[in-house]
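Here are some exercises to work through with the sequence and the 3D view side by side. Try each task before you read its solution.

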Amino acid sequence: MKKLLVFILTFFTAVSGNSFCAYAESKPEISAKSAVLISADTGETIYSLNAGEKLPMASTTKIMTTLLCLESGNLDEEFVVDSEAIKVEGSSMGLVEGDIVTKYALCCGMLLPSGNDSANATAVKLAGSLENFAVMMNERAEKIGMSKTYFVTPSGLEGEGHGASAYDMALLAREALKNDTFREICSQQSIQVKFGNPPYERWLKNTNKLLSMYDGVYGVKTGFTDEAGRCLVSACERDGKNLICVTLNDRNDWNDHISLYDYGFSKVNLCEYEINDEFYANLAGSSEDKIKLVPAENPEICTADGNSQFFSYKIKVPLFVYAPVESGEQCGEITVMYKGREVRNIPLYADKNYEIYHKPEEKQNFLSKIKNIFK
């Protein structure tokens, strides 16, 4: 009888325990046709729903357009917008014919009010035409590894074949957020920029309501068309953990992103990657042949896996470092990798001062030359 009682208690404990685990491990139910949640550090997939399916992604396209604009440089250069490019339907930053703008203002116009006019103006400025710019977009997408993506327009207004997978858009956001200016712009609920003829200051408001709805959200981009539905790419940081979330064709995107972040932050951890090896570089012009280099930090990486065997690094140092070198001077870089994907760049610093070496006879010859001059 006692054995039977123990068995019954054990059975119910196991059942209730399993039920609790199943409840604790349950994934959020969301409205999106496609969704993905990844670690911004490693690119690991935390949550996936049809994440590899190519779909129209509306104005989240402007993440790529803005990234290319920022990477082109000369952001403060003033120029007159192309009068034909800005004649486009849909959302706008308010450009009119003859307006004088900067690339920086166009980037703000794309990321905050989602201006189709600013996207087209950017494309013509950088590539001469929308068609040429689409080639630039697809070439950059290939370098990022966006295998289910094809760009036709800079704005996201549908063109034949224009679309991307949710996972590809997460990779794009991950790449774009490495750019400090991109991250600074997309995190603002409103921003003041200068354009017009003559240019004057005006405010642009961000369409991304999630910035004020959930602590830690710092981007990225909204989108909507009748064909694509509501699309949203966002990024969120909490206690050093960084996640990126993408939903495509989602009628309840704000709440779905919140649910996915609640789920995601419970699944990831910060893993300290210890760099214990010693690093040296060839040193020229000093009494020492080598210079010792020390990493700036052991980085903390947001990961769901946490398996150290998936992490590696590669170092980049010049063929020679030339004396003099001051202690703490950067002389190289370590790139931390996760399954071959770049995670973090860590500077390598000189461990001490390295002075220029003069041979005694060189010093004597120099003194002799001075004496001869005075003679």
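A residue counts as buried under 20% relative accessible area, as exposed over 50%, and as partly exposed in between (1.4 Å probe, protein chains only). This is a predicted model, in which local features need pLDDT of at least 70, side-chain atom pairs count only at pLDDT 80 or more, and totals for chains, interfaces and linings use all residues. Residues are numbered from 1 along each chain as its sequence is written, and side-chain values use heavy atoms, with hydrogens and water left out.

**Exercise 1. Find L260 and state whether it is buried or exposed.**

Step 1: Look in helix α9, residues 253-265, where L260 has its place. Helices (H or I, at least four residues) and strands (E, at least two) are DSSP runs, numbered from the N terminus.

Step 2: Read the accessibility. L260 has a relative accessible area of 0%, so it is buried.

Step 3: List its contacts, meaning heavy atoms within 4.5 Å. Leaving aside neighbours within four places in sequence, L260 touches P28, I30, L37, Y47, C245 and T247.

**Exercise 2. Work out the strand order of the open sheet that has five strands, and say which strands stand at its edges.**

Step 1: Trace the order, which is β2-β1-β9-β8-β7 with antiparallel pairing. Two strands pair if DSSP finds at least two bridges between them.

Step 2: Pick out the edges. β2 (45-49) and β7 (217-225) each have a single partner strand, so one side of each lacks a neighbour in the sheet.

Step 3: Count bridges from β1. Strand β1 (residues 34-39) is joined to β9 (residues 241-248) by six bridges, and to β2 by four.

Step 4: Find facing residues. I38 is opposite I244 in β9, while A35 is opposite L49 in β2.

Step 5: Follow the chain from β1 to β2. The two strands make a hairpin with five residues between them, and G43 in the turn has a positive phi of about 80°.

**Exercise 3. Explain why β1 is largely enclosed.**

Step 1: Recall that in a regular strand the side chains alternate between the two faces of the sheet.

Step 2: Apply this to β1. S34, V36 and I38 are buried on one side, and A35, L37 and S39 are buried on the other.

Step 3: Conclude. Six of the six residues of β1 are buried, so the strand is largely enclosed by the rest of the structure.

Step 4: Look for a helix over the strand. Helix α6 (residues 166-176) lies across β1, β2, β8 (229-238) and β9, at about 35° to β1. Axes here are lines fitted to C-alpha atoms, for helices over the stretch in contact, and angles run from 0 to 180 degrees between N-to-C directions.

**Exercise 4. Decide how many residues of helix α2 are buried.**

Step 1: Go through residues 62-71. Nine of the ten are buried, including K62, M64 and C69.
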